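Please read them with the model open.

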Amino acid sequence: MDSSALYRTITDFAHSTPPWVRAVFEAWTEYGLLLFGLLFISVWWRARGQDDPRAMARAVLAPLATALVYVASELVKSTVDEERPCRAVSGALAPLVPCPPYGDWSFPSNHSAIAGAAALVLALAVPRLALLTVPVALLMAFSRVFVGVHYPHDAAMGLLLGASLGTLTVLALTSPLARVTAAVRASGNPAAVWFTGRARARQG
């Protein structure tokens with residue numbers, strides 16, 4: 001089954017679901033990424049109380065790596081110029097949300113790329129969060145097809161781009177930023193120490 005046929009299958013299924021299910025997906029695809037924002041804040045706050053500067057480095061890198069993924073996704077979009085399936089797929093039902101305007105290209109899905117990146121970088125910061133973030137990212141990617149604004153391959157490649165680039169960014173920069181964090185904590189600057197957290201004194 002090619003991507004257009006799978007798109008029609010998923011959007012046909014979407015239209016067959018109860019109105020409340022469609023409403024939930026419409027709200028989720030629009031606002032679900034905010035959950036990752038709340039998790040970024042909670043992971044940073046948690047890292048402030050940890051002695052290991054690597055924990056703070058990963059917490060700070062998580063939103064930065066996700067922002068980098070968004071920029072990369074936009075660059076790919078501007079290169080590929082793939083039309084949205086809600087205009088291009090013949091015989092498809094109307095999308096559940098407004099079809100983005102011409103020039104807002106389809107490949108890859110930015111929402112999926114952001115979700116894929118956020119899921120993995122948060123899991124690197126707090127491994128047990130993967131039990132939440134990975135399913136949430138998959139649900140976000142699926143929702144973009146469900147509501148009719150992306151092909152399945154847009155969502156899949158968005159997840160792959162986000163997860164791979166986000167993970168590589170955090171792995172590459174954790175050690176350098178941990179050294180910066182340790183120096184900031186030792187500086188005594190009140191604002192800087194408030195942001196990074198103060199390392200607890202070692203018991204002798």
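1. Helix H6 covers residues 110–125, which is 16 residues. From its first C-alpha to its last it reaches 22 Å, close to the 22 Å expected at 1.5 Å a residue. Of the 16 residues of H6, 13 are buried, so this helix is largely enclosed by the rest of the structure. Keep in mind that the model is predicted.

2. The loop between helix H5 (85–88) and H6 holds Pro-108. The peptide bond from Phe-107 to Pro-108 is cis, with omega near -10 degrees. Most peptide bonds are trans.

3. The largest nonpolar core has 35 residues. Phe-36, Phe-40, Val-43 and Leu-122 have the most contacts inside this core. At least two core residues come from each of helix H1 (3–16), helix H3 (34–48), H4, H6, helix H7 (130–146) and H8. H4 gives the largest share, seven residues.

4. How do H4 and H8 cross, and at what angle? The axes of H4 (residues 53–80) and H8 (residues 152–187) come within 6 Å and cross at roughly 140 degrees. An angle over 145 degrees would count as roughly antiparallel; H4 and H8 are therefore oblique to each other. The crossing of H4 with H8 is right-handed. Their contact is made up of 16 nonpolar, seven polar and three charged residues.

5. Asp-81 lies in the loop between H4 and H5. Although Asp-81 is not a glycine, its phi is positive, at about 55 degrees. Most residues other than glycine have a negative phi. With 39% relative accessibility, Asp-81 counts as partly exposed.

Notes. Residues are numbered from 1 along each chain as its sequence is written. This is a predicted model: local features need pLDDT of at least 70, side-chain atom pairs count only at pLDDT 80 or more; totals for chains, interfaces and linings use all residues. Side-chain values use heavy atoms; hydrogens and water are left out. Axes are lines fitted to C-alpha atoms, for helices over the stretch in contact, and angles run from 0 to 180 degrees between N-to-C directions. Helices (H or I, at least four residues) and strands (E, at least two) are DSSP runs, numbered from the N terminus. Angles under 35 degrees count as roughly parallel, over 145 as roughly antiparallel, 65 to 115 as roughly perpendicular and the rest as oblique. A crossing is left-handed if the near helix is turned anticlockwise from the far one by less than a right angle, and right-handed if clockwise. Ala, Val, Leu, Ile, Met, Phe, Trp, Tyr, Cys and Pro count as nonpolar, Asp, Glu, Lys and Arg as charged, and the others, Gly among them, as polar. The expected span of a helix is 1.5 Å times one less than its number of residues. Buried means under 20% relative accessible area, exposed over 50%, partly exposed in between (1.4 Å probe, protein chains only). A nonpolar core is a set of buried Ala, Val, Leu, Ile, Met, Phe, Trp, Tyr and Cys residues joined through side-chain atoms within 4.5 Å.
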